[in-house]
Amino acid sequence: MSRLFLALALTIPAIAQLQPPNDAGISFGHLHLNVRDVDVQKKFWTELFGAKPLAREGLTGVKIPGMIVLFRKQEPTGSSVGSIIDHFGVKVVNLADILKRSEELGYQIQPEHKGSEGFPNGYVFGPDGLKIELQQDTTLKVPVVSHHLHYFIEDPLPLRDWYVKTFSFKSGIRGRHQSADVPGMNLSFQPVKPQPSSGTKGRTLDHIGFEVKNLEAFCKSLEASGIKLDAPYRKLPDRGIAIAFLTDPQGAYIELTEGLDKY
């Protein structure tokens, strides 16, 4: 581990938390992965990114600034590649260092290139076919922060607008991609023909999660607007959270949580 990475990694426990919510009370919460071996996935995140393991019982995962990554021991039906969310991205302070250490640890990489925003980018493929885009940001005070979800879709605007309307995300452009922003995460929509036919449920990246203040009232407003929940609002007292599930119009599975920000 480089001296720079070690020094920065020591700062993560103090700030590895979710971002403050937007005006609607929503921030990005988590990614939930189906993994063959929880320990292998945890090692990937802690060794490569300095992620902090969750300390709460009932959920297994790690956290980095801006998001939590949860693990469920279950054989994935496929990697994220081939689903509506092709990959997700993080910002790193030193791309060359991350790519070098990825190779040393035995992970496949795609070498450095200029990303759509003009910064050095690269890819690393972790356990269970986990595809992660890396974007260098030398201004970071920590090794890694959450950055973006990358949707491959034939017609980006309707789905972008659905997220903006449903969750009060801010619409915009990231590089050459239509996008929507929520505190902690950018959702980027890339036009692809034909678009992947698979949703996310069952794959390595099973679902994404948004943390919502006053979740019960929010779920009622979703249903009143005609949006069908796959699983209604309910509390999980043993975990100190409340949850609900829905699926976006193109097949991305979404969990809504309240209380995960305390993890």
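**Entry 1. Asp137 and its partner**

I looked up Asp137 and found it buried, with a relative accessible area of 16%. The model is a predicted one, and I read every value below as computed from it. I then asked which residue forms a salt bridge with Asp137. The partner is Lys91, and the closest N and O atoms are 3.6 Å apart. Lys91 counts as partly exposed because its relative accessibility is 21%, and the limit for buried is under 20%.

**Entry 2. Other salt bridges**

I recorded 10 salt bridges in the structure. One of the pairs I examined is Arg101 with Asp97, at 3.1 Å from N to O. Both residues lie in helix α4, 4 residues apart, which is about one turn of the helix. I checked their accessibility and found Arg101 and Asp97 both buried.

I next turned to Asp261 and Lys262, whose salt bridge has its closest N and O atoms 3.5 Å apart. Asp261 is partly exposed, at 25% relative accessibility, while Lys262 is exposed, with a relative accessible area of 61%. I also noted a network in which salt bridges with shared partners join Arg36, Glu75 and Asp128.

**Entry 3. The sheet**

I traced the order of the strands in the open sheet. There are 8 of them, running β6-β7-β8-β5-β9-β12-β11-β10, with mixed pairing. At the edges I found β6 (108–114) and β10 (170–174), each of which pairs on one side only. From one strand to the next, the twist averages 25°.

I asked which strands helix α4 touches. Helix α4 (residues 95–104) packs on the sheet against β5 (85–92), β6, β7 (120–126) and β8 (130–136). The direction of helix α4 makes about 160° with that of β6. Helix α5 (residues 156–167) also packs on the sheet, where I found it touching β9 (144–153), β10, β11 and β12 (185–191). For helix α5, I noted an angle of about 160° with the direction of β12.

**Entry 4. Ser188**

I looked up Ser188, which is located in strand β12. Is Ser188 buried or exposed? Its relative accessibility is 0%, and Ser188 therefore counts as buried. I found a polar contact of 2.7 Å between the side chains of Ser188 and Arg174. Leaving aside residues up to four places away in sequence, I listed the residues that Ser188 touches: His148, Leu149, His150, Tyr151, Arg174, His177, Gln178 and Ser179.

**Entry 5. Nonpolar cores**

I finished with the nonpolar cores. The largest has 60 residues. I noted the residues with the most contacts inside this core, namely Trp45, Phe49, Tyr151, Tyr163, Phe167, Phe210 and Leu256. Another core, of 12 residues, lies apart from the largest one. Among its members I recorded Leu59, Leu70, Leu236 and Ile243.

Technical notes. Residues numbered from 1 in each chain as written. Predicted model: local features only at pLDDT ≥ 70, side-chain atom pairs only at ≥ 80, totals over all residues. Heavy atoms only, no water. Core = buried A, V, L, I, M, F, W, Y, C linked by side-chain atoms within 4.5 Å. Buried < 20%, exposed > 50% of the residue type's maximum accessible area, 1.4 Å probe, protein only. Pairing = 2+ DSSP bridges. Helix = DSSP H or I, 4+ residues; strand = E, 2+ residues; numbered from the N terminus. Axes fitted to C-alpha atoms, helices over the stretch in contact; angles between N-to-C directions. Contact = heavy atoms within 4.5 Å. Salt bridge = Lys/Arg side-chain N within 4 Å of Asp/Glu carboxyl O. Polar contact = N/O pair within 3.5 Å; in protein donor to acceptor, adjacent residues only side chain to side chain.
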